[in-house]
Amino acid sequence: PESAGYGQLEMCGSDRSLLRRVKLTGKEQAPPSSLSSGIMAVACPVRVSVTLPLFLPDSLRNADKEMPKTFSEDTLRPALVAKFCVGRLYSKFLTSDPQVKLQNMSKSLDHYQYVVDYCASHPDITHLVQSELEICSEMSQLLPIQMEKVRLAIS
């Protein structure tokens, strides 16, 4: 069963995502001089939306600040979807600094890989997060390639 907070989390994430797309579309059509302020206007909501889904997984940590090896039935899907959403949001940050872009891509990869690894060690639950798992698996393969391209562009 899904917890009541999950629906609110998903709704908030989709609202923020829609807001970001609307703002970004407008900024892509803006003249270059306003682009820098436009990027900041889009980055702020993305930064805020990254912190919201982090509260759920962080609240599940034990006294040693470690994630549980196995989630309970009522927190399993919300926790894995939150990890997926945070990974997706890190990939949405706009920056002109390639080092920051690499850091964000790495964080994104960590969150996607967590979902993939959790499902690999608990194959009986994959049906609960099937669509997120598919995306996480693909992104776990694609992000290292994209990261390497950014590294090559830096050097």
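These legends describe close-up views of a predicted model.

**View 1. Helix α3 packs against helix α5.** Two packed helices are described by the angle between their axes and the distance between the axes. Here the axes of α3, which covers residues 73-90, and α5, which covers residues 130-154, come within 10 Å and cross at roughly 35 degrees. The crossing of α3 past α5 is left-handed. On the α3 side the residues that meet the partner helix are Arg 77, Val 81 and Phe 84, while α5 contributes Glu 132, Ile 135 and Cys 136. Sorted by class, this contact holds 4 nonpolar residues and 2 charged ones, with no polar residues.

**View 2. Thr 126 sits in the loop between α4 and α5.** Leaving aside residues up to four places away in sequence, Thr 126 touches Cys 119 and Leu 133. Although Thr 126 and Arg 77 are 49 residues apart in sequence, their C-alpha atoms are 9.8 Å apart in space.

View 3. A disulfide is a covalent bond between the sulfur atoms of two cysteines. A search of the whole structure finds 0 disulfides. Cys 85 counts as partly exposed because its relative accessibility is 24%, whereas Cys 119, with a relative accessible area of 3%, is buried.

Notes. Residues are numbered from 1 along each chain as its sequence is written. This is a predicted model: local features need pLDDT of at least 70, side-chain atom pairs count only at pLDDT 80 or more; totals for chains, interfaces and linings use all residues. Side-chain values use heavy atoms; hydrogens and water are left out. Axes are lines fitted to C-alpha atoms, for helices over the stretch in contact, and angles run from 0 to 180 degrees between N-to-C directions. Helices (H or I, at least four residues) and strands (E, at least two) are DSSP runs, numbered from the N terminus. A crossing is left-handed if the near helix is turned anticlockwise from the far one by less than a right angle, and right-handed if clockwise. Contact means heavy atoms within 4.5 Å. Ala, Val, Leu, Ile, Met, Phe, Trp, Tyr, Cys and Pro count as nonpolar, Asp, Glu, Lys and Arg as charged, and the others, Gly among them, as polar. A disulfide is a pair of cysteine sulfur atoms within 2.5 Å. Buried means under 20% relative accessible area, exposed over 50%, partly exposed in between (1.4 Å probe, protein chains only).
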